[in-house]
Amino acid sequence: MTLEATLPDPLAEGAPPRGRSGGAAWALWLARRLGLAVLTLWLVSVVVFLATAALGDPVRAILGRDYETNVARREQLEAQLGVGDSIVSRYLDWLGGLVTGDFGTSLANQLPVWEQISSTVANTLVLVLLSALVMIPLAFGIAMISAHFRRRRPDTVIQTILLALAGVPEFVTGILLVALLSTSVFHVFPAVTISTLDGHPWDEPKGMVLPVATLVLAVTPYVSRIVRATLLEVLDSDYVELARLKGIPEAVVMRKHALLNAIVPGIQVIALQLAWLAGGVVLVETLFAYPGVGKQLVDSVRNHDVPMVQALSMIIAGVYIVVNLVADVLSILLTPRARTAISS
Amino acid sequence: MATTTPDAGQGHEVRATTGLIIEDLGVSLTGREVDVVDDIDLVLKPGEVVGLVGESGSGKTTVGTSLLNYSRAGAFISSGKVLLEDRDVLKMHWKEVRKLRGEEIAYVPQDPASALNPSIRIGKQLVELQQLRGIGTSESRLQAARDGLAEVGLPTDDEFLKRYAHQLSGGQVQRVALAMAFLPKPKVLVLDEPTTGLDVTTQKMVLDTMAELCRAYGVSALYVTHDLAVVANIADRVAVMYAGQIAELGPRDTIFANPAHPYTRALLDSIPHLSQARALKGIPGRTPSPGRRPDGCRFNDRCAFVVDRCRQEVPELRTVAPEHEARCHRVGEIGTWDINLGTVPDADPEKPRDVILSVERLDVFYGRKHVVHDVSFNLAKGEVVALVGESGSGKTTISRSVGGLHKDWTGDITFEGRRLANSARRRSADDRRRMQYIFQNPYLSLNPRLSIEQIIKRPMELFGLAKGKEATERVVELMGQVALGSQMLHYPASRLSGGERQRVAIARALAAEPDVMICDEITSALDVSVQGSIVELLEGLRLERGISMLFVTHNLALVRSIAARVEILQAGRVVEAGSVVTVMDTPQQDYTRKLLSNSPRID
């Protein structure tokens, strides 16, 4: 039963968007969102800097017993870190470097930070991207099958498997995959990725299979369950009922009428999951000896390599923000109501 | 569609169809041997519109979708035949059924706001079926869509075709749904309350369009509704359903002039008239749900004419007159029915008024948008003032401003001579207590997790009127006043029907011992019979307690029966105001006349 809206709905009454002002409205909206993203990134930089500064004196930690004896090295490190300066000026120096693309110099081996992390960042991004390419269609496909058979046997089986996969830690899944496909049962894929100093892990495509498979298995259950839940809700809606009563074949009802309206929560979960993967899944990287961000971050923390930790944290935060921004834009583009609200 | 003008009926080829025959249709709940509907026999002749009328829960929608071999989750079609040109729709393979839907039997859904897909453009949804079936070329399909829109009186330009459902008004969406149903030129049309929730002008337009199209194309239609007044204007025959069975069936004029079944009479008694005030009556009790239906005649526990036989023997449909059947043991024994039964004198326009609330020069804004312009009216003690208008006329906005729920307004709202603050938060506790607001939708205005007792007790505790055992006693007393049994005290709100919920909402308002109640479309989400009983209740409260009411509605007939004064609103301005008798008998403005002529009526 329909009721009149209690508040007059500006969308319902307003004329539909006109082309001219629509573009400007979009640009304004995007500019505002980008501004917010930059603001968030700046706040993250403050938090990261304060957190690393609060860790204590890195020079003492790095040099250990040599702190008292090796004065030359101590002074060199202290100069590099600017220990004498106030925290504000150190922060501003560091921030200035970040803005100009200078991530500083590693304390551990005196090489520029960017040189060391650029390849691991690329490795991780490729791993995440490959996993996403496999995971997204897989998760949506499973969700559609599951929703189609709602609360009947195939749905129950799928949901049980997904829940089990979600419950098992991702490194356990990885170990099982290794045992199944690499060591004990079959010997199809290598158990570890081998990368030379200059090369990338994907130079040996076979080596990518197991890490990607592990991440896909780790993330798919979440996305699939959310999309299924939304799909079930949409399948109960009046417009799906009307589509069926109109004589639209069930496959088309599912693809065009239902999925299109169930995709947005899926996108939000995918974004969160991808950002989480980009943060580095240390255990998985360790398991497959994959040279990724997570492993490098753990090593840097252990070495008290402050500039490395800061740089990696900022990059991870950046990926989070970008991925979520993209997800928000996609969500709005896929929701006509929200889309027309912006352009009008 | 070759022509674009709907009135050129002779231009269309009126096909010789055999209509649709429903035989012994039954729908049951899966897992339990419980009938939702049973023993339905109905014939839709070619070009005929049959109204299927009943309260919520009577199974009328279930019958409607069964014609397309569709049942909602949890139910299945258990018996019977639906014959379309000697083919049984219920025996068809599902692939044939999908093909038949839309092309031969089409469906127009109930809820205009949620029935169109929010992410597909109107133009695409219109031609979707043709596209999937590969009918015509993309140009011919587009042209057909434009012609279809023209027939229902909508724009046909590209800009309109590119719109989404949320960019249309309720009436436009409903007409798009109608155009969509007619586009494949079906032989049979099932309309499921397509005008519920629309204001009278839009409703009239949709109904007229539908009737014209049915006549022009020789389409048989089943029109499902809870409101007899609506079918009075469009149906050729009327079937009244109660508790899953047809209670009475006959030609329209017979049903309205000589209703034979007590249930039909009770439904007619609950309908307000435009020409004269009536003491509206509801039907006591509620429609029994499947599995809880009484033995014997299913209506026996609510019937005014019940005898022992009704409780023991199941009645069959009996022929009262040619083409007129009723399912009642006492057909012929219960006298005749008169449409003027229950009419009462209109509210006296000369009655002295003691103004309690006055609104002066009210202007209301939503942000920069000026929605209500210079509205002034007042409300006397023990009086009902109705705010009437189409959707978007600002009637709810005014009532929200008076109630302090919307604070972006200028002007003066004075309560017993004191000017009220803009927002309810800044009004004194006593002012807030004395003015209570009842919302339109009882499904949303009660917290589903609280018990009825907690809901009604809340205002007493809030305003310090009573607490503990004393409060519980008063809750029971209030529930008695709104005709709810005290066994419901600990029910959660989610267990109640719409009418019962609205009674709880009224009891909650009464718990604060108000002097003014603002009733915002409080019956428009309810069945007509429930509306009758709510109006009966409000009238009793007004007489006993002298409560004043601001009654917001789009239903002019209802105004005649409940209000003393009426303010007709259009686009945020009062266009006509005065006593109900004066305004409705001698309307001065075209707009008022238009509203009156568009209102469905049975008198």
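This is a predicted model: local features need pLDDT of at least 70, side-chain atom pairs count only at pLDDT 80 or more; totals for chains, interfaces and linings use all residues.
Local features are described here only where pLDDT is at least 70, side-chain atom pairs count only at pLDDT 80 or more, and totals for chains, interfaces and linings use all residues. Residues are numbered from 1 along each chain as its sequence is written, while chains are lettered from A and ligands numbered from 1 in the order in which they are written.

**View 1. Chain A is shown as a chain with 16 helices and zero strands.** Helices (H or I, at least four residues) and strands (E, at least two) are DSSP runs, numbered from the N terminus. The C-alpha trace of chain A spans about 85 × 60 × 30 Å along its principal axes, and 34% of the 344 residues in chain A are buried. A residue is called buried if 20 or more other C-beta atoms, placed from the backbone, lie within 10 Å of its own, exposed if 12 or fewer do, and partly exposed in between. Of the contacts in chain A between residues at least 6 apart in sequence, 71% join residues at least 24 apart, two residues being in contact if their C-beta atoms, placed from the backbone, lie within 7 Å.

View 2. The unreviewed UniProt entry gives the annotation "transmembrane region" to residues 34-55, 125-149, 161-188, 208-227, 263-290 and 310-334 of chain A; UniProt positions follow the numbering used here, feature names are shortened, and annotations may be inferred rather than shown by experiment. Residues 34-55 of chain A are 91% helix and 0% strand, with end C-alpha atoms 32 Å apart. For residues 161-188 of chain A, the values are 75% helix and 0% strand, with 24 Å between the end C-alpha atoms.

**View 3. Chain B meets chain A in a contact that takes 41 residues from chain B and 27 residues from chain A.** On the side of chain B that touches chain A, the elements giving two or more residues are helix 2 (94-103), helix 3 (122-133) and helix 12 of chain B. Helix 2 of chain B provides the largest share of that side, five residues. The residues on this side of chain B divide into 15 nonpolar, 18 polar and eight charged, where Ala, Val, Leu, Ile, Met, Phe, Trp, Tyr, Cys and Pro count as nonpolar, Asp, Glu, Lys and Arg as charged, and the others, Gly among them, as polar.

**View 4. B:Asn117 lies in the loop between strand 6 (105-108) and helix 3 of chain B.** B:Asn117 counts as buried because it has 27 C-beta neighbours inside 10 Å. Leaving aside residues up to four places away in sequence, B:Asn117 touches A:Tyr239, A:His257 and B:Gln125.

**View 5. Four strands of chain B form an open sheet in the order 14-13-16-17, with antiparallel pairing.** Strand 14 (369-380) and strand 17 (418-419) of chain B stand at the edges with a single partner strand each, so one side of each is left without a neighbour in the sheet. Two strands are said to pair if DSSP finds at least two bridges between them. Strand 16 (residues 409-415) of chain B is joined to strand 17 of chain B by two bridges, and B:Thr414 stands opposite B:Arg419 in strand 17 of chain B. Helix 12 (residues 395-403) of chain B packs on the sheet, touching strand 13 (355-366), strand 14 and strand 16 of chain B, and its direction makes about 115° with that of strand 13 of chain B. Axes are lines fitted to C-alpha atoms, for helices over the stretch in contact, and angles run from 0 to 180 degrees between N-to-C directions.

**View 6. Six strands of chain B form an open sheet in the order 18-19-20-15-21-22, and the pairing is mixed.** Strand 18 (435-438) and strand 22 (573-579) of chain B stand at the edges, each with a single partner strand, so one side of each has no neighbour in the sheet. From one strand to the next, the twist averages 15°. Within this sheet, strand 15 (residues 384-388) and strand 21 (residues 565-570) of chain B pair in the parallel sense over four bridges, and B:Val388 has B:Ile568 in strand 21 of chain B as its bridge partner.
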